[in-house]
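Visitor: Could you take me on a close look at the place where the two chains meet? I am new to this, so please go step by step.

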Amino acid sequence: MGMTLTEKIVARAAGRQTVEPGENVWVDVDLLMTHDVCGPGTIGVFKREFGQDAKVWNREKIVLIPDHYIFTNDERANRNVDILREFAHEQDIQYFYDITDRADFKANPDYKGVCHIALAQEGHTRPGEVMFGTDSHTCNAGAFGQFATGIGNTDAGFIMGTGKLLIKVPATMRFVLNGDMPSYLLSKDLILHIIGDISVSGATYRTMEFTGTAVEQMTMDERMTLCNMVIEAGGKNGVIAPDSTTLDYVTSRTKVPFECVHSDDNARFFSDRYYDVSQLEPVVAKPHSPDNRALVRECRDVKVDRVYIGSCTGGKTSDFVNAARLIQGRQVKVPTYLVPATQKVYEDLFTMKLNHQTLSEIFLASGCIEPSAPSCAACLGGPKDTFGRLNEPEVCVSTTNRNFPGRMGNKQAQVYLASAYTAAATALTGFITDPRDFLT
Amino acid sequence: MGITIRGKVFVVDDNIDTDQIIPAEYLTLVPSKVDEYEKLGSYAFIGLPDRYGSFISSGALKTEYPIIIAGENFGCGSSREHAPIALGASGVRVVVAQSYARIFFRNCVATGELYPWETEERLCDLFTTGQEVTLEGDRCVIVNHSLGREYPLRSLGEAGPVIDAGGIFAYARSTGMIPLRSPQSAG
Ligand code: SF4
């Protein structure tokens, strides 16, 4: 019997020929990522359990990324970044993307921004490897044909000391996305569609593997959006088989050797779902759950107070390019917040052009608020002074990934999750708007 | 799995996510620091919609409800270990839900902070907050004294011994996966 891509990676990492879904196996970890919110706790667990003078298992396989609560005056938040820094120096951690000057992020060449996009951009996401991160959206890296999933501080502290973790082999649900993507649809629409079908717990304990001609045609940015949100369906990891698009992206960013794996033809899948993407329409997830799906055109009457374009899901370069395509030459009707995921994305806003205008010129001319410093910002609410945070019970259309009560701040705020196209179209009218109204 | 616990229940329904258990603005608290652990506990469930009533009386650090009853997919959302820890630090010992989000369940087991029991029956529709129950781990049942009925729990399976041991480190030491603590590092 054949194995799925995920089973093959886990088997290799467990030093086994084969594994079966449901088995518990110890795996060797290729990369551990942690950030300013969970890093200090992870370090605390590591020291408590292995001793104050203990050394991490491998200084080259740990990546520390301050990204969540950076541009705030909250003292504890600032202290947490200091804890990361101290630990990085003490352990001589190879990859620590530090920020020391919070007043001007550009003065910190090492500072990246949102961890999941930074990992990809810096060549840490490699086919065939096993990555754990103290963040549920670590599944983002599955877009590169890697096994990547989120864990808590205690598990991460365990890995820091041992380089190993005991995991249950997940069964794989296959999602076959065929057909040509209509010009008004983005992969965000596809994943919101799928989560609407299977619910916020539809993939609990399982892998979601995406395949089909529509996936083959996607850029890495679009593939990441699919895998990023598998956690919103409860999935353990998402995965897309590596191909030439993957290899072009990865080999231009790292020299580390890796091995691509693919699902066997006779692999066993827990389930199969087929979609013809050419038949799908733009969708939103209404408050207060990512599976509360509705067609965008069914929500035309919803008046919004602000639009938010950002996060690891919807703050990548392609998201801003897509938003700019609709916004160029028009005026936004509601405050529109732009939060580039990383410093690289921020730079792209000032260098990439559409019809001779940079993205940032397009946004500013249309009345958007000036792009903020790259970080998680209001995607998860954060301290009260966080950029874009919903401090009032407002209605917001957002390209982020979660809309549970209070996620972006105020408990009564209403968050609609949408693609960058839908967010941009909505910004232009002040009501939830189908991008087809502007994309001809 | 010898835990037996008697106390009042706090009842919530489906898809209680980690932002409702411990909102993001409190995540700057580091759970491995003793005073911040306590503080996390005092904010447990502060993100719940108001209709559930208050979980911790104002000014108190701990809850009077050691047992949570929930519906499907409890603990969905973020991987923040702050969530099971906030509940544990507030004085919760067990959660009884129809199902859990994977990472939350795993964090309960890894930390040994909470017992995440599962039930077939939808207890969140039958129980009301404040009712007195006894959970008997040995027999895998929860007895509701107000209703005068008992309900079966699903076995904790392989997670049980890990939580009993006190979490993944204690468990890994007991099985020889990692060395026993040397005396000087046991601080
Ligand atoms: S951008 Fe949002 S979802 Fe992504 S890592 Fe940051 S807080 Fe999490």
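Guide: Happy to! Let's start with who touches whom: 44 residues of chain B are in contact with 55 residues of chain A. Keep in mind that this is a predicted model, with an ipTM of 0.93 and a pTM of 0.96. For chain B the mean pLDDT is 92, and 96% of its residues reach 70 or more. One stretch to treat with care is residues 183–187 of chain B, where pLDDT stays under 50.

Now for the size of the meeting place. The size of an interface is often given as the accessible area lost when the parts come together. Here chain B and chain A bury about 4,000 Å² between them, and 54% of that lies on carbon and sulfur atoms. On the chain B side, B:Thr28, B:Arg102 and B:Phe169 supply 19% of the area that chain B buries against chain A, more than any other three residues.

Next, the charged and polar pairings. Between chain B and chain A there are 8 salt bridges. One of them joins the side chains of A:Lys168 and B:Glu158, at 2.8 Å from N to O. Across the same interface, 26 residue pairs are in polar contact.

Which helices of chain B take part? At least two residues each come from α1 (18–21), α2 (34–42), α4 (102–111) and α7 (168–174). The largest share, 7 residues, belongs to α4(B).

Conventions: Residues numbered from 1 in each chain as written. Chains lettered and ligands numbered in written order. Predicted model: local features only at pLDDT ≥ 70, side-chain atom pairs only at ≥ 80, totals over all residues. Heavy atoms only, no water. pLDDT = per-residue confidence, 0-100. Contact = heavy atoms within 4.5 Å. Buried area = accessible area lost by both parts, 1.4 Å probe. Salt bridge = Lys/Arg side-chain N within 4 Å of Asp/Glu carboxyl O. Polar contact = N/O pair within 3.5 Å; in protein donor to acceptor, adjacent residues only side chain to side chain. Helix = DSSP H or I, 4+ residues; strand = E, 2+ residues; numbered from the N terminus.
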